[in-house]
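This report describes one contact surface between two chains and then one residue of a third. The sequence and structure come first.

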Amino acid sequence: MSKPKPKVAFFEFTDCEGCQLQVANLGASLLELAKVVDIVNFREIMSEAGEEYDVLVVEGSVASKHDEERLKKIASKAKVIVAMGACATIGGVNNLKNLKPLAEQKKAVYGSVDPVPDAIETKSIDEVVHVDYYVHGCPIYGPEFLKVMECVLLGKPYNVPQYPVCVECKQNENVCAYEKGQFCLGPVTKAGCNSWLPNYGSVCVGCRGLIDNPAADAQKDILQKYGLTVEGILDKFTLYCNGKKERAKYGKESQK
Amino acid sequence: MKYDQAFQEILSASPYRPMKAKIVKANKVTEHEKFFRIELEGKKELGHLPGQFVQASLFGYGEAPISICSSSTQKEYFDLTVRKLGTVTSALHKLESGDTIGIRGPFGNGFPLDKMLGNNILIVAGGLGIVPLRSLIQYILDKRKDFGEVQILLGCKTPKDMLFGDEIASWQKRADIKFNCTVDKADPDWKGNVGLITSLIPGVTIRPKQTYAVVVGPPIMYKFVILEFLKKEIPARQIIVSLERKMKCGLGKCGHCQIRNVYVCQCGPVFTFEQLREMEGECHEGECHV
Amino acid sequence: MKYAIINRMDMGRWFDSLKDRGKIYGPKKKESAYVFRPIQEFEEMSLKYIPTILPPKKYYFPQKEFLLKFKINPFSTGKAIREFEEFILFGVHTCDIAGIQCMDVVFNEKPADPNYLNRKEKMTIIGLECMDYCDKYASCAAVGTHVYKGGYDIMLTDLGDEYAIHINSEKGDKLVTGKKYIREMNAKDKEKLNKAFEEKLKKFNNEFDGDMERIDKAFEKGFFSPVWKDLGARCVGCTNCTAVCPTCYCFDVVDEVSLNLNDGDRYRVWNYCQMDDFAKVSTGEDFRAGRDARQRHRYYRKFKYSVQKYNKYFCTGCGRCTRTCMAKISLVETINQLLSGKEAK
């Protein structure tokens, strides 16, 4: 068992570092993980940064030209790339910027001066580099992160569940949010978080992204019953997702 | 607590527990397929029938249903040919001779040898269909005199995709079987037929009432081959296919392989065309919409 | 003693006496719904309840169930079955008992399932008879599960100030014999029980527009009925109908490896025919694509395939699938539409 331990590096882009905090919070499991990998770059828990790495874990979305170049450079050194958290996997809350043309947004925020000439439309990291593994969520769900690391280390793919959060929510025997008159994105959001929010009495906010094959027509009827629309769902999703991709799943053209 | 003995046995033996097995031979045979020869621990006999399958179990990765491609007349080992497709088969491809895997099975019904005995046999293999059919062909060749005329038609995409090349060459030379093959797309060295497998069937002469016609291949192929069989007036109950489904537990419980009320892992994977017709509406349109 | 009587006031006492027989699970209120949960005190339970979100199935066919321990290198399999503990299901409705009876035939069928049989062996069932409909979604009268027909150790019938106890097994007998506050049923009690039963039967009527014979026929010729297309167009694919069903037993098998990358456990987890990729194989071929085909499959598994295979309806009439469906797909309505016999073009 003298095989060298794979080196894992965490890098962050435009984000809040909350997902790395989730990793840091793994406690005993993180120590277990540290026995089988070398963590060479992790700003939240380490001061020294290593240079070489096999597995690159990227947190955050790409929001500037500089981000884009830096990501390409960092990625070129890695054998395996893991996108961690909604910002990295689907763009995350930074997507809000994309709702209006960039120039308009800049004007609204900064007025006539432009302190960020470098800024571009928000991108998930797979719009810039190839991604091997996705850990969805805002923030990520710790146990899923460990499951993905297990897959990375065994060299097998991690299949993000394509079924909705309802699957896990029912198994956890939660009272359905719709029964309580709440609007929940569970029926159309990818599972994998063990219905984290509904377990605490809240509703699913769709941070893991829309399932690939939503039943668009069926939803129309249901949503109407609850006084909602597909547009309403898509609006909700724009909090976390790249609207373009999500709209395509409903067979809709991009609004812009 | 009193248990009767049978119950006690059920409680102690888990059908989910794989047997330990050793890979004694591993060859990459095409770009996507790898051949494995496998011995159960203690050279135990698998006790399978041609056309049955096993669950190849790789701990940490899961299980994949794989057709057994060697005859049951060969008892000390059995062969699997695996196409690299999903998580388990990709991991299997990394294994070499000397490695250990888990095996559950054999599962399924296998080809209806008792009925086929004493009849003429027409075998049509498309693409990977040759894999389960090899177990049948080897069996027939080992017990050649128990069968009537034997004809084998083989089709694949390109000459490079052809599996069991050496063995096929030996079949070609035998006087006691008729063999013909075709490729969809030839390469410069190919001297044989070019075209779909269905183009070979009209040229075959058979006595339909005494013939069992067996076809295995991708779902979409069945429709066209079966049509040709029907044109030859082979009775529906003598047309035999083997279906691919998502066999998971092999025990007729987990539900993934079900077609209507049929659990393919137990009642199949081998069916007659007569049975396929009864599954109308749940079959792949290539399989039974003739 | 086949029938006995216990005073309502003594139920708590009796409940306490059961505690040393094993862990007790019973129905409990959760927000606007009910769930089976571990129960410490009798008062925690809500014995007047509509079927729980999940059936008690989670205790004998858990959402995630350990199958075996393994080591990758050197290859080895550990003990396949863990020790199971005695447990008591308290206050189980007759529909859910019917569900257990369905699971019994499935998992007893060869090759038998040791995990299920082990759990079942440790299970004591104390049933609770329904004297009226729980709500409008139940269809238990149609399939005859509103009355008790075995499958339990003890059945309780609420007679007002008292509960009638029907003892149906040795195990059940042990739970009541020797209790001073439980007395044998006399003729007068028996009369009261019969009367209550008669009154109850008046309240239950076939919920479908035809008897089961007609339903059998409807399923026989209904495979290509437009009903399924309609369901397919309404279904969102949330899988809830199959998740809450007391007779759904489809599963997937998953491996979990510890971080030393060598030791692991193999589990089976609930899996549903309503999932998108349920019948999809690795070549990409999906053998049951389409929500219409998947919904049809669900109904046929309850009303036709199970009858062909086990001579048993796998619908217990509990109404859970209807109650939980966001698209308001109603089992009773679907069956009635099928009965109305609108044939495919």
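## Chain A against chain C

Between chain A and chain C, 10 residue pairs are in polar contact, both residues at pLDDT 80 or more; a polar contact is a pair of N or O atoms within 3.5 Å, and within protein one must be able to donate a hydrogen and the other to accept it, while residues adjacent in sequence count only if both atoms are side-chain atoms. The model is predicted, so local features need pLDDT of at least 70 and side-chain atom pairs pLDDT 80 or more, whereas totals for chains, interfaces and linings use all residues. Residues are numbered from 1 along each chain as its sequence is written, chains are lettered from A and ligands numbered from 1 in the order in which they are written, and side-chain values use heavy atoms, without hydrogens and water.

| Quantity for chain A and chain C | Value |
|---|---|
| Residues in contact (heavy atoms within 4.5 Å) | 33 of chain A, 40 of chain C |
| Buried area (accessible area, 1.4 Å probe, lost on being put together, summed over both) | about 2,900 Å² |
| Salt bridges (side-chain nitrogen of Lys or Arg within 4 Å of a carboxyl oxygen of Asp or Glu) | three |

Of the buried area, 59% is on carbon and sulfur atoms. Lys170(A), Gln171(A) and Glu173(A) supply 26% of the area that chain A buries against chain C. Glu173(A) also forms a salt bridge with Arg37(C), at 3.3 Å from N to O.

## A residue of chain B

Gln55(B) lies in strand S3, residues 53–58. With 0% relative accessibility, Gln55(B) counts as buried, a term for under 20% relative accessible area (1.4 Å probe, protein chains only). A polar atom of the Gln55(B) side chain is 3.1 Å from the backbone oxygen of Met247(B).

Key
Buried area is the accessible area (1.4 Å probe) that two parts lose on being put together, summed over both. Helices (H or I, at least four residues) and strands (E, at least two) are DSSP runs, numbered from the N terminus. Buried means under 20% relative accessible area, exposed over 50%, partly exposed in between (1.4 Å probe, protein chains only).
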